[in-house]
Amino acid sequence: MTFAPLKNDRFLRALKRQPVDITPVWMMRQAGRYLPEYRASRQKAGSFMDLCTNPDLACEVTLQPLERYPLDAAILFSDILTIPDAMGLGLYFETGEGPRFKKIVRTAADVAALPIPDVESDLGYVMKAVSTIRRELNGRVPLIGFSGSPWTLATYMVEGGSSKDFRHLKAMIYDQPEVAHQLLDKLAQTVIAYLNGQIRNGAQAVQIFDTWGGALSAAAYQEFSLRYMKQIVDGLIRDHDGRPVPVILFTKNGGLWLESMAATGCDALGLDWTINIGDARRRVGDKVALQGNMDPAVLYASPDTIRAEVKRILTDFGDQPGHVFNLGHGITPEVDPEHARVFIEAVHEFSRR
């Protein structure tokens with residue numbers, strides 16, 4: 001596949017800790033419910049999963065925030081739970097309840113029965129979305145591909161949906177660790193194939209979302225989450241079409257473990273808002289770039305407050321390469337789109353070199 005040359009590569013340069021003219025910025029969940037045009041596309045699709053599985057509509061919503069804002073990257077519109085769905089668990093969404101599965105994984109037999117999907121056929125709609133988006137971007141900005149981490153995917157598969165305490169999976173890791181490891185290894189193999197498929201189809205960087213790794217103890221995080229993210233990092237295509245393909249690891253509430261995350265061989269760490277980015281920089285040194293880390297709730301505040309918080313984070317990071325500005329987690333549905341604009345424009349204004 002050949003695509004148009006990249007016109008704005010500051011996001012990729014920052015991830016490799018190279019100098020940039022202004023700090024690049026994108027937002028987790030930048031294509032989402034806070035945008036009226038997204039809500040219109042979702043209505044047209046009929047359901048969230050219909051939106052995810054239609055490559056043309058997935059492309060449409062991926063590009064919507066780029067029509068509004070001077071963002072420095074696009075991120076594939078999809079869902080982390082496409083993988084367990086492709087493993088035959090029957091993903092569906094209950095209104096007001098979030099994701100649910102028709103089949104739940106609780107036993108060694110359940111884990112053994114899980115197939116490793118063929119990503120080009122079982123998840124072909126994602127691969128088609130990636131190549132469609134990359135073509136339609138026409139080199140405007142880089143495209144980020146993504147996956148959930150094995151631990152985070154396992155929480156949904158074992159609990160049967162969202163959970164506050166992850167009691168079934170936590171019971172498994174303490175009582176039947178060998179079963180948990182079999183599940184996580186199968187997921188890691190699938191994520192490697194899934195992200196490599198995205199890279200081959202046009203993703204220029206990838207992010208692993210470890211949304212629930214921060215719910216683990218320090219020892220359990222190393223054994224059941226980070227170990228499998230390192231396995232993925234080791235298995236990824238790191239150079240494609242003559243360019244490096246950077247890898248970002250994001251563990252929500254993972255600020256305690258930055259040094260061991262940086263030692264996985266990834267290119268960047270995503271930070272949530274619970275850690276000072278300057279302290280994080282001092283701890284990991286020049287090993288990795290850092291992405292983050294404004295509290296998404298700041299976007300409910302006044303434009304002046306948003307601008308002040310952007311300036312504070314830029315100052316805390318300091319004048320050195322290796323910063324991608326982002327929120328510390330996804331933008332929330334009730335945010336005024338104009339406040340998102342204030343945020344993005346402030347990053348560019350205050351970081352101009």
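Q: Which element gives the most to the lining of the largest pocket?
A: This is a predicted model: local features need pLDDT of at least 70, side-chain atom pairs count only at pLDDT 80 or more, and totals for chains, interfaces and linings use all residues. Residues are numbered from 1 along each chain as its sequence is written, and side-chain values use heavy atoms, without hydrogens and water. A pocket is an open set of points on a 1 Å grid over the protein atoms alone, where a 1.4 Å probe fits, with protein on both sides within 12 Å along at least five of seven lines; lining residues have an atom within 4 Å of a point. Elements are DSSP runs, helices (H or I, at least four residues) and strands (E, at least two), numbered from the N terminus, and the top contributor, with 3 residues, is β2.

Q: What volume does the largest pocket have?
A: Volume is the space filled by probe spheres set on the grid points, joined across faces, edges and corners. For the largest pocket that gives about 1300 Å³.

Q: Which residues are closest to the centre of the largest pocket?
A: The lining holds 39 residues. Closest to the centre are Arg-29, Arg-33, Phe-48, Asp-79 and Phe-93.

Q: How much space lies in the second largest pocket?
A: Its lining has 15 residues, with His-240 and Asp-241 among the closest to the centre. The space is about 210 Å³.

Q: Which strands stand at the edges of the sheet?
A: The open, parallel sheet runs β1-β4-β5-β8-β9-β10-β11, where paired strands share at least two DSSP bridges. Each edge strand has a single partner, so one side is left without a neighbour; they are β1 (74-75) and β11 (323-327).
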